[in-house]
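Please read these points alongside the sequence and the model.

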Amino acid sequence: MDFSLTDDQKALAQAAADFARAELAEHAAEWDAASHFPVDVIRRAGEAGFLGIYTPEEHGGLGLSRLDASLIFEQLAQGCVATTAYLTIHNMVSWMIASWGDDALRERWVPAMVAGEALGSYCLTEPGAGSDAASLRTKAVREGDEYVISGSKMFISGAGSTEVLVVMARTGAPDSGAGGVSAIVVPADAAGIEYGKNEEKMGWKSQPTRLVSFDGVRVPVTNRLGEEGEGFRFAMKGLDGGRLNIASCSLGAAQQALTLSRDYLAERKQFGRELNQFQALQFKLADMATELTAARLMVRQAAWRLDQGDPEAPAHCAMAKRFATDMGFSVCNEALQLHGGYGYIREYPLERLVRDTRVHQILEGTNEIMRLIVARRLLADGVIEALQ
């Protein structure tokens, strides 16, 4: 069992760290304060290969593993958590279209998405369907060679500033549950689409979050991913990787918070000596590092299992997401405490890290839903033994 990274993986992580320093870190506070969506920088991320990380090579992506993607997102998040979180969503949309779209749909969208010429949004959550995503009500009624889509989606990242939407809509009967949901690619400027206001959020301010309304939006049936009724399965497959992606963003935020805390404790003096000489604060720093290391191991193992097609990978992804996002928020919050009053002002990045990581415990499935996913698997025969 070898836990070391390969030379290629180290190079990928270094490239992401370099991009984070050059393009993200210097501007993150400004973007947060102005609620600015840095589309120009996101497009440069495409030039660097970070918009098609695990999109297959035959469709223009890098074709990397989910473990490789985790390494990249962890480094990028140390530059700007909120912008990196959007990059993870775009990567998921690009991968879904490349994986289940027909040749024409792939050709139309995927190369542009990988290059950053077209940005994507993922439309699953609704005003009345959050954790219970299978109860979604947005419908797509087939009329000849077209679907007519009506309904609304809530909390959609990038909405209003992206070019393509992957929409989960009900093509089956109203009571058809998960089996009646299909995934449909919709141009973001299609007639009948309206966007709500940019929500005033606690964090993630450098990406817009809007309600998206569909009023008789017509798209060709060929815009469907896979077959009718497969959409919910595709959505869940996307979320397995999405949970690792957002967990990796939490790792990056926690790493930045830990590094900032180490440096601050070495510089700040109280009672005639540096703060890092106080044992109580040394213990706090040690606990933060221990929790971060444990979370990193969980995320990387879950990513490896997903790459290997392990049947228990969804449970591992759920456990890793729950633990890493709880840990990420906790470490950032502890770092703020170590900085005292300085941590609470915007001149220091700690308060932004706390705000940006808090939502990670909610999205891609709340951490309560992660517990439910894991618990249900544990109740199946032999699963507890298989997790050893």
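1. Asp32, Arg346, Glu351 and Arg355 are linked in a network of salt bridges. A salt bridge here is a side-chain nitrogen of Lys or Arg within 4 Å of a carboxyl oxygen of Asp or Glu. By this rule the count comes to 22 salt bridges.

2. On the basis of these values: this is a predicted model, in which local features need pLDDT of at least 70 and side-chain atom pairs count only at pLDDT 80 or more, while totals for chains, interfaces and linings use all residues. Residues are numbered from 1 along each chain as its sequence is written, and side-chain values use heavy atoms, with hydrogens and water left out.

3. Arg371 and Asp326 form a salt bridge, with N and O 3.7 Å apart. Arg371 lies in helix H11 (residues 367–378) and Asp326 in helix H9 (residues 313–338), so this pair ties together parts that are 45 residues apart in sequence. Helices are DSSP runs of H or I with at least four residues, numbered from the N terminus. Arg371 has a relative accessible area of 43% and is partly exposed; the classes are buried under 20%, exposed over 50% and partly exposed in between, with a 1.4 Å probe and protein chains only.

4. Arg305 pairs with Asp310 in a salt bridge, the closest N and O atoms being 2.5 Å apart. Is Arg305 buried or exposed? Arg305 is buried, at 13% relative accessibility.

5. Arg262 and Asp263 also form a salt bridge, at 2.9 Å between the closest N and O atoms. Arg262 is partly exposed at 47% relative accessibility, and Asp263 is partly exposed at 30%.

6. The domain assignment, which comes from an automatic or database source, gives domain 1 (7–119), domain 2 (121–227) and domain 3 (232–386). The centres of domain 1 and domain 2, taken over C-alpha atoms, are 22 Å apart.

Methods
Helix = DSSP H or I, 4+ residues; strand = E, 2+ residues; numbered from the N terminus.
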